[in-house]
Structure formats: structure tokens, C-alpha cells
Amino acid sequence: MTRAFVIACCAAAVVAGCQRDEGRETPHSAPAGMAATAMTDSLGGVLPGIHSQISFGSIHNPYEGNVQAERDGRQLFLMYNCVGCHGGRAGGGMGPSLRDSAWTYGNSDVDLFATITEGRPGGMPTWGGKIPEDQIWKLVSYIRTLRTKAEPDPPPPATQPNR
């Protein structure tokens, strides 16, 4: 057998083993209460970004304005290693800065939820089905505090160089 064929068979077996039977949630399914019609690849993985057809309808952030959820979101940002791509205080790295106001896929709570859940082309992984929905909302709550007085653990103030 060719090496590519063996790799493809192993990958298919892993994906098949990860899925749960009897119609229960799979690792790639949409969060509870959401219509799951996302495009999938041949191995059942959700394709990130603009091709997705998940309908988020009229959902809203249940933690909007909740100070504890914002703090929890900061801890989740660290725990899930979002800092690996977005930087320690979301200022950017190999992933984009979350501290600015110009975002390609929108900056509303629902846009942020969709980005985290579905992923985006070019690097943002699909986290829906891997991170619980309430934790995604807490991450959104934290991101919404960036550059505001409500930001948990803000970066230190910039110092002026000595002249």
C-alpha cells in the first residue's frame, strides 16, 4: 500500500472512532440548541470560516456585563492557550490582534462566538464541540473588555523613553 493510502485509512479510523453513536453529539457538531448545517470535509471535520452555514439566529451573550464571566474568560484565554496565537494580552502574534477595532469577520458578540465556534480560514481552529458553549461566551465576554477600563489583567501602561 502507498504511504498516503495508509495515512488516509488511519485518519478515517481515528475520526470514526471519535464519533458517538445513536445520534448523540460528535466532536464536530454544533453547540446544543444550534442548527448544525456546517460544511464538512471528507473525514467529517468542519471546514472553518466563510463556507460555514451554521445558523446562529437570535442568540445573545448570556454573560454580557458579567464581571466574573469576564475574569473567567481571561483565565480560559490562558488555559486554552489562545495566547499562543493572539499574544499574552491579545495584542497579536501569529494570529491577529484582538485589541484593535478592525476585524475581518465582525466584532459583535455573535460574530466572535461564530469565529470561535466555526474557526476561520488561514489559521483559526474550529472550537465548537471542543469547548463548552458557556466557556465560549465567557471568552467572548473577556475579548469585549479589551481596551476598556473593565479589562481584567490589562497590559501595563506604555512608558515614554528617556530623552
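Buried here stands for under 20% relative accessible area, exposed for over 50%, and partly exposed for what lies in between (1.4 Å probe, protein chains only). I took helices as DSSP runs (H or I, at least four residues), numbered from the N terminus.

I noted that this is a predicted model, in which local features need pLDDT of at least 70 and side-chain atom pairs count only at pLDDT 80 or more, while totals for chains, interfaces and linings use all residues. Residues are numbered from 1 along each chain as its sequence is written, and side-chain values use heavy atoms, with hydrogens and water left out.

Next I looked up phenylalanine 77, and, leaving aside residues up to four places away in sequence, I found that its contacts (heavy atoms within 4.5 Å) include Cys82, Val83, Leu98, Leu139 and Tyr142.

I then turned to the charged side chains. Side chains of opposite charge can pair when their charged atoms come close. The structure holds six salt bridges, each being a side-chain nitrogen of Lys or Arg within 4 Å of a carboxyl oxygen of Asp or Glu.

I looked at aspartate 72 and lysine 138, whose side chains meet in a salt bridge at 3.5 Å, N to O. Aspartate 72 lies in helix H2 (residues 67–79) and lysine 138 in helix H5 (residues 133–145), so this pair ties together parts that are 66 residues apart in sequence. Aspartate 72 counts as partly exposed at 25% relative accessibility, whereas lysine 138 counts as buried at 16%.

For glutamate 151 and arginine 99 I noted a salt bridge of 2.8 Å, N to O. Glutamate 151 lies in the segment after H5 and arginine 99 in the loop between helix H3 (83–86) and helix H4 (109–118), so the pair ties together parts that are 52 residues apart in sequence. Both residues, glutamate 151 and arginine 99, are buried.

Last, I followed arginine 120, which lies in the loop between H4 and H5 and is buried, with a relative accessible area of 9%. Its side chain meets that of glutamate 118 in a salt bridge (3.6 Å, N to O), and glutamate 118 is buried at 6%. I also recorded that Arg74, Arg89 and Asp153 are linked in a network of salt bridges.

Terms used: Helix = DSSP H or I, 4+ residues; strand = E, 2+ residues; numbered from the N terminus.
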